[in-house]
Amino acid sequence: MKTIVIILTAFALLLFVPNTFAQKGFNLGLCLEVHSSMGGDFQVPTDLLSSNPGWINMDKDFRAGADLGLDGEYFFNDQTGLALGIHYVNLGVKFKDYTWSYAGASATLAKKIELNYVRIPVLFLWRNKLSDKLNFEVQGGIYFGILSAYHDESTISGNNGTTVTYSAEGDTYMRTDYSSGGQQTSTATFTSKPFESSDVGGIIAAGLQFKLSEKIWLPFLLNYQVGFTNVKNKSSSYNYQGTTYVYWDDGIGNRPNLSLDYKNSSIGIKTGLIIKL
C-alpha cells in the first residue's frame with residue numbers, strides 16, 4: 001500500500017500546473033469498477049493425519065470483482081471538491097487448490113469466499129486541467145460498508161471419487177457429501193455469523209478524465225481500496241443437533257484460523273461518466 005500511495009502522490013505532484021477548468025458546482029458520477037479482490041489469509045495443516053501438524057497459508061488466486069454506484073460531487077472552486085456516493089461492491093478471495101498426498105491416496109482442498117457490501121464512500125477530489133479535453137484527477141477518502149450477503153465454501157475432493165463441500169451462507173451452514181452411492185446433505189444453524197455486519201476502510205485513486213461533450217466526461221482511474229477493520233467474526237458459532245461449535249476452529253493442532261484477521265482490499269480500474277448538472 002505504501003508503494004501505491006507514493007507513486008500516486010508523485011504522479012500528482014509532477015502533473016501539477018496552475019491551470020484550471022470550469023467545474024464549480026454539482027456533478028453526478030455513474031461509476032463502474034472492475035477490480036482484483038483480495039481478502040485475508042487462510043491456513044491449512046501440512047499433515048491431515050497428525051494431531052499437531054505444521055500449518056501453511058494457502059496461495060491466493062486471481063479473483064475478479066466489481067463496484068457499481070452513483071456519486072454526487074460538489075466542487076467548491078475550480079479544482080477541489082467532495083463526493084458522497086452509494087455503491088454495491090463485490091469482494092472476496094479465491095485460493096489456489098492445496099493437495100495432501102499419501103501413499104496411494106490424495107485429497108485436494110478448494111476454497112473461496114465472497115462478500116457483498118452496500119458502501120457509502122466519502123471522497124476528497126482534486127482535478128487539474130492538462131488540455132481542453134483532458135483532466136488529471138486524484139481522489140482520497142474513506143468508506144462505510146454494510147454486509148448484504150456472504151458465501152464461504154470449502155470443497156475437499158479425494159482421488160477415490162468422494163467429495164465433501166462445506167458451505168456457509170446467511171443463517172445456514174451446510175455439509176454435502178458426494179460419492180458413487182449418491183448425495184447426502186446435513187445442515188446447521190448459525191448462532192453467530194462468520195463475518196461482521198459492517199466494514200470501514202480507505203480509498204485512494206488517480207487517473208485521467210476525457211471530455212466527451214460540454215457536460216460529460218469519461219474517467220479512467222487506478223483505484224485502491226483497503227479495509228481498516230477486521231471483518232472476520234472470530235467468535236462465530238453454529239448449532240448442530242443441539243451442540244454448539246466454533247466456526248473458525250479447525251479442530252487440529254493450534255487452530256491458527258481462529259486468530260487470523262480478514263481485511264478487505266481491492267485494486268482496479270474505475271470508469272463511468274461524470275455529468276455536470
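These legends describe close-up views of aromatic rings and nearby lysines in a predicted model.

**View 1. Aromatic pair F190 and Y247.** A search of the whole structure finds 17 aromatic pairs. In this one, the ring centres of F190 and Y247 are 5.4 Å apart and the planes meet at 70°, so the pair is edge-to-face; the cut-off for that class is over 60 degrees. The two residues come from distant parts of the chain, 57 residues apart. F190 belongs to strand β12 (residues 182-192). Y247 sits in the loop between β16 (243-246) and β17 (265-276). Both F190 and Y247 are buried.

**View 2. Aromatic pair F195 and Y262.** This pair is also edge-to-face, with 75° between the planes. Centre to centre, the rings of F195 and Y262 are 5.8 Å apart. Again the pair links distant parts of the chain, 67 residues apart. F195 lies in the loop between β12 and β13 (198-211). Y262 lies in the loop between β16 and β17. F195 has a relative accessible area of 5%, so it is buried. Y262 is buried too, with a relative accessible area of 2%.

**View 3. A cluster of linked rings.** Ring pairs join Y150, Y166, Y173, F190, F195, Y238, Y245, Y247, W248 and Y262.

**View 4. Lysine K232 over W248.** The charged end of K232 sits over the ring of W248. The distance to the ring centre is 4.4 Å.

**View 5. Lysine K111 over F42.** K111 lies over the face of F42, at 4.6 Å from the ring centre.

Technical notes:
Residues numbered from 1 in each chain as written. Predicted model: local features only at pLDDT ≥ 70, side-chain atom pairs only at ≥ 80, totals over all residues. Heavy atoms only, no water. Phe/Tyr/Trp six-rings, centres within 6.5 Å; stacked < 30°, edge-to-face > 60°. Helix = DSSP H or I, 4+ residues; strand = E, 2+ residues; numbered from the N terminus. Buried < 20%, exposed > 50% of the residue type's maximum accessible area, 1.4 Å probe, protein only. Lys NZ or Arg CZ within 6 Å of the ring centre and 35° of its normal.
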